[in-house]
There are 2 protein chains.
Amino acid sequence: MKKFINDPDDIVAELLEGFALANPRTVRLTGDRLVARAHPKAEGKVGVVTLGGSGHEPALSGFVGEGLLDVSVPGEIFAAPGPNRCLEAIKLADRGAGVLFVVLNHEGDVMSAKLTNQMVEQESLQVRTLITAEDISSAPRSNPEDRRGLVGCLPVYKIAGAAAEEGRSLDEVFEVAQRMERNMATLSVAVTPATHPATGAPFFALGDDEMEVGMGQHGEAGTGRMKLRGADETAAMMTDQLLADLEAKAGERVLVIVNGSGSTTLMEQFIVYRRVDQVLRERGIEPARALVGEYLTVQEQGGFQLFLARMDDELLGLWDAPCDSPYLTVS
Amino acid sequence: MKKFINDPDDIVAELLEGFALANPRTVRLTGDRLVARAHPKAEGKVGVVTLGGSGHEPALSGFVGEGLLDVSVPGEIFAAPGPNRCLEAIKLADRGAGVLFVVLNHEGDVMSAKLTNQMVEQESLQVRTLITAEDISSAPRSNPEDRRGLVGCLPVYKIAGAAAEEGRSLDEVFEVAQRMERNMATLSVAVTPATHPATGAPFFALGDDEMEVGMGQHGEAGTGRMKLRGADETAAMMTDQLLADLEAKAGERVLVIVNGSGSTTLMEQFIVYRRVDQVLRERGIEPARALVGEYLTVQEQGGFQLFLARMDDELLGLWDAPCDSPYLTVS
């Protein structure tokens, strides 16, 4: 493993320190390793908080900022943070209008969120929890409990953050963020493994001519190990599966995210996006907005996540609203 | 090689098409594969144009937009575009106040720029060419002709683009961009090679316990093959070399860019940035602004470029000015 780290035990502390030092205009480290907005949002507006393991940079803390997250709770490498820190984050983000707590559907994250919610009830804090679960490979749409949360957390942060900045109530923010969540679908593909930065162990093995479709966020086994295919064939296959899951129809508009996992280049991601865009138009579906780049990574894993979401006028308006965070800025 | 491409001959055409389809709000493909701003800048303002090989995404076309580049001329993979297309780009960017032509110091790029300038003179166009040459490993500061251009092109685009938006004259835009260029220094380190996306050939070989400091943009041999070092030691060594080259003194302010080459994670880049920031403060130098991420990549090469530049009030003001491009937005 050739990674620029120091003592493996210090990875998370040092990455957070470097991240905060590089972005003093937008974020600050505070309390027990919480990443918060440099300038808190106005009183009377709903806060937005998330939690999640480290090792997926820029997610999740890279999206703390105006119009996005108020506080993120970074865990250890690929491990959820404990409920005490989550409670601290919720209190920090609470500006008198309650807090939306966005949780990716992974066992540790959900367990930590449940424990946090028990503490929240004892303290009479106003919190609503939204679990993002959009990986179509891990379970059918009828069974969201078993669907993993992937890069779809980002548009949920964006929609919730924009709605909160508008001054909407907690119930209103929850409802529009939930509508985003219920209309999205993600599928991932991996070609080369990540290595755990602390242990140096690769996450999985794939033959030189193989790829795996439906890989989870941490390299969990997917649904389809298959022969390596070209960019166009892979993109078309994945787009079709996502459209089927969403039951998308001609005339609808979608948000597309091509999310690089790590070592797959932006050059490749553009080539993939090109074919996704073509397939959508062939189906009469409008690729209304797109993001192509690395948002939620898995170390240096080769591959990408393809995300599609059905959008309406309100969701598009919130997606286009200004935000200012280290790794997503809309002006 | 496990890359998501189709026919290797189509890589550049397809990546440009995908890039433009994903970013219709900010850029458009026009003419002979030129990437231009979606909405041209106002009449009477200086245009900013660059050229360069493909394979380094998001550079260079990812920085076309308001407050940055007006037009970029992407070449084939790692190859400069020809002068005819550069001339076309200059004419497209000319809004009646002349054009600044920014060229990274690589043999093919400079040759193409020279031929372009001969054509420019015949057509009586008002063009000034600025060559960026800041790789401290390839030649001493006294010999800029032999210094390679690395990620420093990005701040030069930013400063020139902001000055042009202010309505400054071509000479004024040139002068402030040149001041940026003369006050910057970059050093790169590589740990794992990129592969050429068309041929699959690796760019170089390094032992499992080796790294190379001073690698050029395309894996050209550097000045120092050495045993792999940890993040802190590598960062401190590189920072010291850059400060020595810049003859930086206590009390000065610098812009820092940690530019990931490809497969080195953002997690690692933050850990590196942390130590750079510490070393600067220990020397009494203020890290006034920072960017950490992938701006000018070399496919999936492992490693990064460390950039430092001495800043003054005017340069900082132009750096902070709004811009809106696919891969750099300041709001």
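How much area do chain B and chain A bury between them? About 4,700 Å², and 65% of that is on carbon and sulfur atoms. Buried area here is the accessible area (1.4 Å probe) that two parts lose on being put together, summed over both. K2(B), F4(B) and M267(B) supply 22% of the area that chain B buries against chain A, more than any other three residues.

Before going on, a word on what you're looking at: this is a predicted model, where local features need pLDDT of at least 70 and side-chain atom pairs count only at pLDDT 80 or more, while totals for chains, interfaces and linings use all residues. Residues are numbered from 1 along each chain as its sequence is written, chains are lettered from A and ligands numbered from 1 in the order in which they are written, and side-chain values use heavy atoms, with hydrogens and water left out.

## Where the chains meet

Counting contacts (heavy atoms within 4.5 Å), 58 residues of chain B touch 58 residues of chain A. There are also 18 residue pairs in polar contact between the two chains, both residues at pLDDT 80 or more. A polar contact is a pair of N or O atoms within 3.5 Å; within protein, one must be able to donate a hydrogen and the other to accept it, and residues adjacent in sequence count only if both atoms are side-chain atoms.

Which element gives the most to the side of chain B that touches chain A? That's α7(B), with 11 residues. By class, this side of chain B has 26 nonpolar, 16 polar and 16 charged residues. For that tally, Ala, Val, Leu, Ile, Met, Phe, Trp, Tyr, Cys and Pro count as nonpolar, Asp, Glu, Lys and Arg as charged, and the others, Gly among them, as polar. Helices (H or I, at least four residues) and strands (E, at least two) are DSSP runs, numbered from the N terminus.

## Salt bridges

A salt bridge is a side-chain nitrogen of Lys or Arg within 4 Å of a carboxyl oxygen of Asp or Glu. The whole structure has 62 of them over all chains, and four cross the interface of chain B and chain A. Here are some to look up:

| Salt bridge | N to O distance |
|---|---|
| R274(B) and E17(A) | 2.9 Å |
| K41(A) and D70(A) | 2.8 Å |
| E165(A) and K45(A) | 3.9 Å |
| R281(B) and D277(B) | 2.6 Å |

For burial, the cut-offs are under 20% relative accessible area for buried, over 50% for exposed, and partly exposed in between (1.4 Å probe, protein chains only). In the K41(A) and D70(A) pair, K41(A) is buried at 2%, and D70(A) is buried too, at 7%. In the other chain A pair, E165(A) is partly exposed at 21%, as is K45(A) at 21%. R281(B) and D277(B) are four residues apart in helix α7 of chain B, so about one helical turn separates them. R281(B) is partly exposed at 48%, whereas D277(B) is buried at 1%. Back in chain A, salt bridges that share partners join R37(A), K41(A), K45(A), D70(A) and E165(A) into one network.

## A loop worth a visit

Take a look at the loop between β3 (47-54) and β4 (71-77) of chain A, which holds H56(A). H56(A) is buried, at 7%, and a polar atom of its side chain lies 2.7 Å from the backbone oxygen of T297(A). P58(A) sits in the loop between β3 and β4 as well, and a cis peptide bond joins E57(A) to P58(A), with omega about 15°. The bond from A59(A) to L60(A) is also cis, with omega near -5°.

Most residues other than glycine have a negative phi, and most peptide bonds are trans. F78(A), not a glycine, has a positive phi of about 55° and is buried at 18%. S124(B) isn't a glycine either and has a positive phi of about 55°, but S124(B) is exposed at 67%.

C153(A) is buried, at 2%. For C86(B), the closest cysteine sulfur is in C153(B), 15 Å from its own and too far for a bond. C86(B) is buried as well, at 0%.

Technical notes:
Disulfide = S-S within 2.5 Å.
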